Amino acid sequence: MPVYLHAVQTAVPTTAYSQDVIRDIIRSQPELDRLAQRLTTSVFNASGIDQRHSVVTEFQADPDASPGLFFDPSTGRLLTPSTGARNEYYIVHATELFVRAAGAALAACPGLTADDITHVVTVSCTGFYAPGPEYAIVRALGLRPNVSRFHVGFMGCYAAFPALKMAKAFCEADPSAVVLVVCAELCTIHMHSARDADTLIANSVFADGAAAAVVSARTPAVSAPVLRLDHFETTLTPAGVGEADMAWTIGDQGYDMVLSTYVPAIIEAHIGDALAPLFAHEPALGDDPLNGIAQWAIHPGGRSILDKVQASLGLSDEQLHPSREILRQYGNMSSATVLFILADLLRDAGSGDRVCAMAFGPGLTVESGLMTKLTGLA
C-alpha cells in the first residue's frame, strides 16, 4: 500500500542576519586570539551561506539599547545565559514556529481538515518542555483530543527521517491515518563564544526554522503533487569512526555542538556503503543510481559536506542545486532542513522523478530515503 507525503510547508523567524554580520560579531569577541579570528573569517566566508534566520533579535540592535538575553549591543559582547534561561526562550519561540508550520501544512492539503489528523509527531533537539509541542499543536489547530501524539527528541540533524518512518508505519498499519510531522529547531539560542574549531564552525552554519509535512495513504487530491515514500534505511559508520566527531550535549550555558573538521572526510569515505542498504531495495538503482535517481535532497550540514557527497557519488551541480540553495538562503536548521529541500522538490521536480534524501547526525548516523514524485493520481 503506497504512503504519500502530501504537503510540506516551512516557517522561519522574521529576523534574518547576513552572514557577515554574525561573522563580525563572533570575530570581535575577546576570547578569540588571532588564530581564532582568522579561522572565524575563513569558515564564515567559505560557508556557502548568505543569511540565516534567528529568533534572537538583538544582534542588530541600536548600540544604545539595553542588553538583551544573548547580546549586549553597547559592548558587542555575547552574553552567557544559563541553559534554563535559553530553554524558557525556546518554549515561547519554538511553540510559535511549530504551530505556524503545522497550520500551513494542513491548510495546503485540499480535502483535509483538522478532524482528519490522527497522529502528530514533533521533532526537535534544541529544547524540551512538557506538555510539549505536539500538545501545543493539538490545542492551537483544534485537533481532536484523542489524536495520538509523539515527540522525537535530541536526535540531531537526521531526526526528520525517524519521524517520517514513524508516519509511514502508522499509515501502513491504518490506511485511514493522517499524520502531521513537524520539525522545529532554534539552534541560534545556543550560540556562544569559544576559541575551539568545533564552536567556530557551529557558529558559522546553524540557524532557526521549522517545517511540517502531512503523510497519509489516502488518494491525493486531483492534480496535487505528492512524494510517494518508497523506502527508508538507517546506517552507522563503522564502530569508532565518527562517534566523537559529531555530538550534541547539554552544558551549563546552552547546548554544546561537536562538529569536527573530519566529518566531511568521514562522510566521503563511507557514503557509498551507507547508501547500499537503501539501494538494495531496488537493485537496478544500486547498479546505476546516477541515472535512476534524478533528484537528490542532501542535508546541508555544511558546504564541505555537500562538496564531499557530490564528489563521492559523482553528482552533478544541478543535482546538488536544491541542497546548496537551502544552505545559502537558510543555513543548517538541523532536523527541519531536509524538509525545506523536499518542499522545493515537491514543487519543482518532474512527475515520476525518483528522489534520494539523506541526512547525517550524531553517531555518526546516516539516514536515507527513496521517494517518487507523482502528480495527478486521483
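Residues are numbered from 1 along each chain as its sequence is written. In this predicted model local features need pLDDT of at least 70, side-chain atom pairs count only at pLDDT 80 or more, totals for chains, interfaces and linings use all residues, and side-chain values use heavy atoms, with hydrogens and water left out.

Take helix α2 to start with. Its 12 residues, 34-45, reach 17 Å from first C-alpha to last, close to the 16 Å expected at 1.5 Å a residue (that is, 1.5 Å times one less than the number of residues). Helices here are DSSP runs of H or I, at least four residues, and strands are runs of E, at least two, numbered from the N terminus. Ala 36, Thr 40, Val 43 and Phe 44 are the buried residues of α2 (buried is under 20% relative accessible area, exposed over 50%, with a 1.4 Å probe and protein chains only). Seen down the axis, they fall within an arc of 95°, so they line one face of the helix; the arc is taken from the directions from the axis to the C-beta atoms. Arg 34, Leu 35, Arg 38 and Asn 45 are exposed on the other side.

Next come strands β11 (246-251) and β12 (254-259), which pair in the antiparallel sense over 6 bridges (pairing takes at least two DSSP bridges). They form a hairpin with 2 residues between them, and Met 246 has Leu 259 as its bridge partner.
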